[in-house]
Amino acid sequence: MGCTIGRSFQLVRLASDQVPSWPHVMTFLLLLMEREACTNFPICFRFINPKVILGHAAMPNMCIDPVLVASHLVTMLQSLISRNQDPFDPAVISVSQISAGTATNIIPDKAIIKGTVRTFHERTRARLLSDIENMATSVSTAFGASLPNCEIHQGFPVTINEDRCTVHAAQAASSVVGEHNVIHDVSPTGGAEDFAFMLQHRPGCYAFIGQGEAGYDQALHSPLYNFNDSIIATGASWYVRLAEGRMPIKSS
């Protein structure tokens, strides 16, 4: 059985274009996990002011403020996690964009909020997406706003490593950096990964290589992120061992 080994994050491209670096652990540590990522679904809501096209900031009673509606929804969405979600079934709702208005003295005609839903199980994802739509409708109705236009965009499936491939990856890592530098059973992370689509069709293992020494410990997607070139040789050596383990050289 063949094994596919990890795909890189957007900011990391090694010679093999496969291994992602991880800035939160020390350099040369190799991390392996059974379940890495989660479903990641961008969500978008639009709240349109139904009374007038625009309102004056001095006369909010003459219109419905979509910014107020959106602000309440942002806060209430977190209750889906803190009060509706099983604490042993992790999930995250993050609102990362709010867009509304063009001037300080104008109440805008619409507000747009965007974010992501991240879960580790498909059933949890489906329930949360339904709850989000219901909550958005309820909040809009409570304020007299128009019903929101809720857009759900397909994201990524859960990244689940195959057991035998993970064992093989760990053995190859131990031969390169030593067993004491290989961390097994790493806790799942919330980052979504397109490598999950490959794992739906072929067995494989998604793993990380540490790079978090001084000067290289900034988080992924941070403008201060800096790739540590010194880990390239470690990653390349790891791939060589993976290939040698699967396709050993036989003496004639």
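Contact here means heavy atoms within 4.5 Å.

**Figure 1. Overall fold of the predicted chain.** This is a predicted model, in which local features need pLDDT of at least 70 and side-chain atom pairs count only at pLDDT 80 or more, while totals for chains, interfaces and linings use all residues. Residues are numbered from 1 along each chain as its sequence is written, and side-chain values use heavy atoms, with hydrogens and water left out. Of the contacts in the chain with a separation of 6 or more, 79% are between residues 24 or more positions apart. The chain has 6 helices and 12 strands (DSSP runs numbered from the N terminus: helices H or I, at least four residues; strands E, at least two). Of its 252 residues, 43% are buried (under 20% relative accessible area, 1.4 Å probe, protein chains only).

**Figure 2. Crossing of helices α1 and α3.** The axes of α1 (residues 66-77) and α3 (residues 122-143) come within 10 Å and cross at roughly 140° (lines fitted to C-alpha atoms over the stretch in contact, with angles from 0 to 180 degrees between N-to-C directions). From α1, the contact involves L68, V69, H72, L73, M76 and L77, and from α3, I132, M135, A136, V139, S140 and F143.

**Figure 3. Cysteine surroundings.** The structure contains 0 disulfides (pairs of cysteine sulfur atoms within 2.5 Å). The closest cysteine sulfur to that of C205 belongs to C165, and at 7.3 Å it is too far for a bond. C205 counts as buried because its relative accessibility is 0%. C63 likewise counts as buried, at 7% relative accessibility.

Technical notes. Buried means under 20% relative accessible area, exposed over 50%, partly exposed in between (1.4 Å probe, protein chains only).
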